[in-house]
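Here are a few exercises to work through with the model open in your viewer. Try each task before reading its solution.

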Amino acid sequence: MDQAAIVCVDNLSYQYPRAPGLALRDINLTLRKGEFLGIIGPTGAGKTTFCLALNGIVPQFYGGRFFGRVTVAGLDTLENPIHLLAQHVAMVFQDPETQLIANTVEDEVAFALENVNAPRAEIVRRIAWALTTVRLDGKEKKHPSELSGGEKQRLAIAAALALQPEVLVLDEPTSQLDPVGSQEVFSTVRELNTRLGITVILVSHASEEMAEFVDRVAILADGQLVDMDTPARIFAQVSLLRRYAIRPPQVASFYAALQDKGIAAPYIPVTKDAAEQVYEIVRPLTQITPPAWPSQGVERAGPPLLSMRDVEYAYPDGTQALRGISLDVHAGEYVVIVGQNGAGKTTLIKHFLHLLEPESGQVLLNGQDVCTLPVSELAQRIGFVSQNPDNQIFNTTVEAEVAFALRNLGLRGAELDERVQTSLQTLGLTDYRKRHPLALPKGARARVVVAAVLAMQPQVLIFDEPTTGQDYIDAQHILDVIHQLHQAGKTVIVVTHHLHLMPGYAERVVVMGKGVIVLDAPIRQAFHAVELLRSTYLTPPQIVQFAQRIAAREQIALPILTPAELAGCIVARSEQS
Amino acid sequence: MTWRNIGSAKESLFTRLDFRSKLALLLVATCLAFLWESPKLTGALALTMLLLCLLARIQLDDVSRTLLIMLPFYAILLLTHGFFNTYVGRTTLWVAPANWWWIGGKLRLTAEGLAYGVMVIFRTLTLILTIPLVIFTTDLSTLIVGLVRMRVPYRVAFVFSATLRFLPLWFQEIQAIQEAQRLRGLAVESMNWLKRVLVYSRIAVPLILGALTRSQQIEVALAARAFSGSPKRTYLHESTLHAADYAVLFLCSSVLLVAVWLRVTTGLGRFGPAGL
């Protein structure tokens with residue numbers, strides 16, 4: 001590998017126009033050719049700004065105050081125009097929708113080449129090369145909307161690669177993808193790095209994948225470079241990561257918890273394989289004593305609150321989204337619905353809300369067919385919070401947003417004020433009541449929508465991907481709020497890809513695959529149905545996979561869900577004796 | 001007909017033609033439709049276009065849906081011309097009985113009026129059939145290159161293409177906001193029009209803010225892909241006139257010239273008893 005420096009960042013500081021403070025402060029960093037750097041950090045740490053500084057978009061596009069010097073492939077990012085820098089530094093962004101601009105796959109890849117006046121024969125050659133590299137060959141004539149989430153991001157990578165850049169920058173490319181799409185992107189990027197020697201800079205919250213794939217990890221927080229080293233050293237500092245709202249890999253959390261119990265591992269491993277090696281070292285010193293796990297969920301008596309009976313639904317283009325779905329949800333349950341993109345999860349939820357009507361079968365709320373109720377009336381009994389909070393905000397203050405539904409219910413005066421106040425208090429939004437909702441951080445915007453829905457006092461609350469695009473702390477916060485609502489008696493249904501966040505909250509897991517329910521089981525059972533989850537392109541949390549390896553090694557049952565649970569099963573031998 | 005239909009037709013002679021030749025065909029068909037007032041000739045023109053559509057293997061579902069929507073409009077056209085086109089109306093087919101209040105003895109249905117109505121229907125049919133013939137058989141990318149070759153500034157052609165790409169996303173966003181409002185107890189279905197307008201106006205705030213955020217994201221994505229809006233660029237797709245294109249261009253211009261010459265010298269295509 002050529003060890004020459006390809007990216008040099010010297011004392012970089014940057015302030016956006018009209019921003020009160022610096023977005024980046026005194027960053028110094030050098031990257032060698034062919035290196036794979038991961039960047040982690042909480043929301044608002046300056047990760048995206050840093051990425052944009054590498055191809056001159058910061059400050060050439062945004063303006064603002066720029067200090068220090070950034071050179072990429074020997075080009076100063078202040079002195080060279082963006083379109084020239086773009087030939088050396090390619091970027092892939094978070095949202096697949098807003099970065100794909102052409103109407104076919106091949107046009108998408110050709111776009112940048114056309115912009116730099118590449119001859120037609122060369123464009124044709126590079127399209128074939130880029131699409132083969134990301135395994136999208138054969139899809140040249142497809143419209144981007146016909147691709148899956150993972151394929152869209154791989155197309156964005158192909159489009160970036162077409163210019164054959166020395167540096168590839170990816171800003172949270174997997175945050176909106178299901179586990180399979182995410183895995184597709186990570187493996188593609190790793191391959192580009194090792195096979196083609198492209199220098200990669202990748203921003204992500206996916207700690208487990210980062211620990212597995214990157215050469216070095218940089219922690220950015222509050223615009224500063226806090227630390228930069230190998231993943232083995234960075235991810236082993238569990239308390240440091242938690243201080244900066246970064247989720248450590250689950251195996252690292254597990255060994256840190258063991259350390260807290262006085263069982264010292266020689267080092268804190270950060271990958272599954274390393275965790276197994278360390279386990280072999282600590283094994284003679286420890287003993288596993290799995291407690292008696294609670295039995296398989298709570299038997300619910302009486303008629304269900306929500307019920308689906310043999311529901312079939314196909315979209316106008318012929319896609320069969322639901323195939324004979326039957327599902328009962330009882331009052332007070334907390335149900336998680338999981339499944340790959342396109343499994344039919346959102347379609348199922350839309351039937352509960354009467355946004356869609358089944359072609360055959362029935363959807364019942366308290367025994368009443370929901371199709372007999374207008375959406376607006378049903379909404380008072382089933383509250384819905386969708387994935388993108390911004391599409392659900394249409395008032396100019398937080399207070400007005402929360403009051404919106406109540407006014408529709410005919411509430412006025414003191415009663416309305418009281419309901420608004422209660423809802424704001426429950427979600428910790430009282431201080432924001434006069435602020436514009438869209439001016440709040442993303443985590444707070446999501447809470448505004450929950451408060452607005454909650455004000456209607458619905459019996460059932462449905463959340464569609466509530467943690468997508470949120471950092472660890474914001475995701476935890478929103479799940480805590482949902483948990484509180486469940487504890488207060490609400491029936492909760494959550495659709496998610498983030499399986500690792502659900503233990504401790506959900507009771508029951510419904511796994512969907514291609515329009516059918518493939519498993520409906522208590523969470524402990526569902527998370528350990530590894531083969532079944534894999535068949536629907538879902539990956540169980542890392543700690544579950546690790547526990548299964550230990551279970552196989554020790555020939556015991558170990559249906560744990562969290563690092564803390566696994567640590568709780570292991571005691572020092574002396575302690576045991 | 002929607003944006004999705006652009007370039008949707010199967011491989012045929014028309015998909016191989018250059019966009020400019022097809023545009024010439026559209027222009028000539030439009031000129032002929034307005035040059036001729038004879039129902040026979042305009043009928044023949046509409047029939048020719050239908051045959052060309054079939055030859056071009058165009059999925060006629062959307063076209064027939066458009067025609068279905070147009071049916072009431074055609075009925076109105078026919079009746080309006082039949083009863084009220086006094087400019088051409090000569091031969092009475094039916095008169096309102098004298099004892100009918102106000103219109104009795106005055107309201108007449110004429111053969112010429114009906115024929116004129118039929119001619120106008122054929123005229124619109126020609127346009128309805130020719131537009132898909134051009135648009136459905138042209139790949140969007142080729143269409144853009146074709147526009148640029150016709151000296152349309154690249155920035156304009158790019159905006160056209162980007163609009164087609166992002167318009168569906170924008171509609172999805174509108175739908176999502178409307179759904180969110182209904183899910184907050186807003187009973188739009190039971191509102192009068194004034195209230196509905198007020199409710200829909202609320203959509204503007206998140207929609208505009210969303211559009212602004214999105215357009216900035218797109219701008220950044222474009223900049224990162226070396227886009228500068230400069231017309232000095234190459235194209236993956238080619239827009240070249242082949243022998244078939246020259247033949248079409250020659251045929252189109254010849255037909256138009258002959259039709260104009262015949263109209264001026266012999267009156268062919270003029271509306272009148274002969275035209276019936």
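**Exercise 1: a helix in chain B**

In α3(B), the buried residues are Pro39(B), Leu41(B), Thr42(B), Leu45(B), Ala46(B), Met49(B) and Cys53(B). Buried here means that 20 or more other C-beta atoms, placed from the backbone, lie within 10 Å of a residue's own; 12 or fewer makes it exposed, and anything in between is partly exposed. Before going on, note that this is a predicted model: local features need pLDDT of at least 70, side-chain atom pairs count only at pLDDT 80 or more, and totals for chains, interfaces and linings use all residues. Residues are numbered from 1 along each chain as its sequence is written, while chains are lettered from A and ligands numbered from 1 in the order in which they are written.

Task: find what covers those buried residues of α3(B), and check the helix's span.

Solution.
- Step 1. The cover includes α2 (19-35) and α5 (111-135) of chain B. Helices are DSSP runs (H or I, at least four residues), numbered from the N terminus.
- Step 2. α3 (residues 39-55) of chain B has 17 residues, and its first and last C-alpha atoms are 24 Å apart. That's close to the 24 Å expected at 1.5 Å a residue, where the expected span is 1.5 Å times one less than the number of residues.
- Step 3. Just past α3(B), Arg57(B) has a positive phi of about 55°.

**Exercise 2: where the chains meet**

Task: which helix gives the most to the side of chain A that touches chain B, and how buried is that helix?

Solution.
- Step 1. Start with the contacts: 53 residues of chain A meet 43 residues of chain B, with contact meaning C-beta atoms, placed from the backbone, within 7 Å.
- Step 2. Several chain A helices each supply at least two residues to that side, among them α5 (105-115) and α16 (398-408). α5(A) gives the most, with seven residues.
- Step 3. Now the burial: 11 of the 11 residues of α5(A) are buried, so this helix is largely enclosed by the rest of the structure. Its cover includes α3, α6 and α7 (149-161) of chain A, plus α6 (140-149) of chain B.
- Step 4. Just after α5(A), Asn117(A) takes a positive phi of about 65°.

**Exercise 3: a loop residue**

Task: is Thr562(A) buried or partly exposed, and what does this residue touch?

Solution.
- Step 1. Locate Thr562(A) in the loop between α22 (542-554) and α23 (563-569) of chain A.
- Step 2. Thr562(A) has 19 C-beta neighbours inside 10 Å, so it counts as partly exposed.
- Step 3. Leaving out residues up to four places away in sequence, Thr562(A) touches Pro503(A), Gly504(A) and Ile543(A).

Conventions: Two residues are in contact if their C-beta atoms, placed from the backbone, lie within 7 Å.
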